[in-house]
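These are my notebook entries on one structure, written down in the order in which I looked things up.

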Amino acid sequence: GIGEGRGEGEGEGRGEGRGEGEGEGWGGKVKQAIGKIAERLFNMYGKTDFETYTETVSRLILVLTPEMQSELLFSKPEIPFWEDVVNKVVDNITADELGNLVAKETKKYSETMVITGEEGEPGEDRLSNINSFLSNIVDRSKRKTELVPAIRESFRREGVKETMLEYMSGGRTKKELLEIIETDLMRTGIDAKALLGIKTLIQKNADIEELLKSLIDLLNHKNPDMRRSVVKSFVDLTDKLLLLGRIDLLKLIIVAFSDRLGREAEKGIFEDIIDGLLILALKLIKEGKHLFAETIDDILNNYLKTLEDPERLKPVVSALSNIGDKGDQKALKHLIYAINRDVAYQIINTELAKKGGEIFSLLLHSMKHINDKITRIRVLSLLIDAAKNVPNSDSFIKTYIEDPKWYVRRNIAIILGEIGGEKSFNLISMMVNDQEPRVRVELMESLGKIKTSESEKLLIEGLKDQDKEVVVRILTSLRKVGTKKAIFPLNDLLEKQSFLKKEKTQEIQERVIAVLCSIGGQEVANILRKVIFNKSIFGRYRYNDKIRLLCVDGLGKMDTIISKQILRRAAWLKNQEVGKRAAEIIKRASLV
C-alpha cells in the first residue's frame, strides 16, 4: 500500500534510498533509523491520519542536529511520502536555519569537488540534490519570498559562490526566460527576421543579461505588435528576477520602459508600459524594495509634469495613485505637487478625491512644503472635502495650529470653519491670539460660520483687535451671528476709534452700522439716532453724511414706533441730505 501510487513509499523509495545511504557511516545509519521510525509511524497513522504522520516525522527531523538534517533533506532516504514530509519541514524551519543548511552543505561539497578534482560522487550528486531541493520544494513553498533571500544571505556569509547551484545562479530563470520568449514572441506570428538576433543568442547559449539586452533592443522595433509582446515578456519575468534578487536586471527593464515611454506613439502600448511599471512598482514594494519602487515614482512623475495630452496623463495619474495605495507616499506627493498644472488638475483632483480621509494627513503635511499659491489653494480645497470624511480630523489638525509658517496656520483656520462643530471651535479658541493678522482674519471668518453663542463671544472680544482687516472680518461675521449681546461693544467701537487712521475709520463705521441694523431693536434705534443728530463741541456733526444716511436707511427698514419717530425728526433737517432721505422714506411708507 505504501508504494502504490504514492511514489516515495516502500516500492520505489526503498531500493533507491538504501543504495545511497546504507553502509556509509553515521549518515547512512541516521537515514536508516529515521526511515524505520517513519515506516512505523506510517503504519500507525498514514492510512487514516496522513496529516499527523507528516507532521510527526517533520518534527522529528527538526529536532536533529543541522548535520543530520542536511543528510536527510539533501538525499533520498527511504521514508514514505518523503516530499510531503520535507514540505512540512520547510513550512516550520526558520528562514535563517534553512539558509545555513543550504549554504554550508553547498560549501562542503563544492570544496570536495575542488580538492579531489572530480565531478562524480559525492560532490556533484549532492549539489544536484540541493538544486533539486531548491527547485521542487523551496521554489514551490508559500514561504519562497522569505526563504530565498535568507539562503542568499547565508551564501554571502559563508563565502559560497551562487554559481555553484543552477537555481541560485539564475540558470533556472534563464530557462524560464526562454519559455517566456517562446510564448510571448515566437508564437505570435511576428516576422521571423525581427527575431533572428535573439534566436542566435539562444543558440549560442548566451547569458541572461545578453538576452535581456536583446529584448530591450526589440522595444524600439517598428512593429507595434513586437513592442507590445516585449513589454509583456518583461512583466512576465519580473517575479523570477525578484526572487533571485537580480535588481540589476530589473533596473535595465525599468530604464528601457522609461526611455520608450517618451517615444511611444501608440497610445495602447504607452498604456501597456505604464501598466508594466505599475506592476513592477507594486512587486518591489511587496518585496520591501521601496527605494527601487521610488525610482518608478520618479519616472512617472517626470511624465506627469511634462505631458500635455489628458488621455496619456490619466494612466500616469492612476498608476501613481495605485502605488500610493500600497504605502508609497512619495507617489501621492508627486500627485499633490502636480495639482498646479491646469491640464492635470481635474484628473488628479478626481483621483485624490476618491481617497477621502485616507489622504487627509498627507495633504496636511504637504501644506508645509508647497510654496506655489495655486497649488496651496487647490490642496486646501481637497483638504476641506477630505476633512468632512475624517471623524477625528481635529487630532490631525491640532499638530499644525502652531506651525511656524503663517500660511499653514491660515489654512488650518479656513479648514476649521468649513468643518464646524464644537471640536473646531475649541481649536479656533486656541488660535485667536495668533500673532499674524492674516491668520486672525480667517479665524474670525470661521467663527462666523460656526454660529454659536460661544463664537459670538470670541468675535465680540476680537473687536479690540488693533488690525483693521481683522476688525472688518469680525464685523462681517457678526452680521451672521450677532445678537443683542453685541450692541454695546459695537457702540463702543463706533465711538472710540482713535487707534485707527482717519482713512480707515469710515469703513469700520459703515460696517458697524450694517451689523447694528441687522440686529435691530430699540437700543439699536437709539444708537442710530445719536449718530444722526449728535454734534461735537464745535457744533459740527460727529459723523459724515454717508454714515448718517446709512442710519436713516436702517431706521426705514426697522418699521417700529421709535424708528418712525426718529425719521420724522430727521425729516425736519430740510437743507440736508439726511432730511431729504428721511422725508422720502416717510412718504413711501405712507403711500404703502
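**Charges over rings**

I began with Arg-376, which lies over the face of Tyr-407 at 4.1 Å from the ring centre. I used the rule that a charge sits over a ring if NZ of Lys or CZ of Arg is within 6 Å of the ring centre and within 35 degrees of the ring normal. I then looked up Arg-378, whose charged end sits over the ring of Tyr-345, 4.2 Å from the centre of that ring.

**What I am working with**

I noted that this is a predicted model, in which local features need pLDDT of at least 70 and side-chain atom pairs count only at pLDDT 80 or more, while totals for chains, interfaces and linings use all residues. Residues are numbered from 1 along each chain as its sequence is written, and side-chain values use heavy atoms, with hydrogens and water left out.

**The chain as a whole**

I found 33 helices and zero strands in the chain, where helices (H or I, at least four residues) and strands (E, at least two) are DSSP runs numbered from the N terminus. Of the 592 residues, 49% count as buried, that is, under 20% relative accessible area with a 1.4 Å probe, protein chains only. I also looked at contacts (heavy atoms within 4.5 Å), and among those between residues at least 6 apart in sequence, 66% join residues at least 24 apart.

**Aromatic pairs**

I counted five aromatic pairs, taking rings of Phe, Tyr and Trp (its six-membered ring) with centres within 6.5 Å, and calling planes under 30 degrees apart stacked, over 60 edge-to-face and the rest tilted. Phe-42 is in helix H2 (residues 26–46), whereas Phe-81 is in the loop between helix H4 (66–73) and helix H5 (82–92), 39 residues apart.

Because Phe-234 lies in helix H13 (residues 224–243) and Phe-257 in helix H14 (residues 247–261), the pair ties together parts that are 23 residues apart in sequence.

**Ala-582**

Is Ala-582 buried or exposed? I found it buried, with a relative accessible area of 0%, and placed it in helix H33 (residues 577–591). Leaving out residues up to four places away in sequence, Ala-582 touches Val-552, Leu-567, Ala-570 and Ala-571.

How values were computed
Buried < 20%, exposed > 50% of the residue type's maximum accessible area, 1.4 Å probe, protein only.
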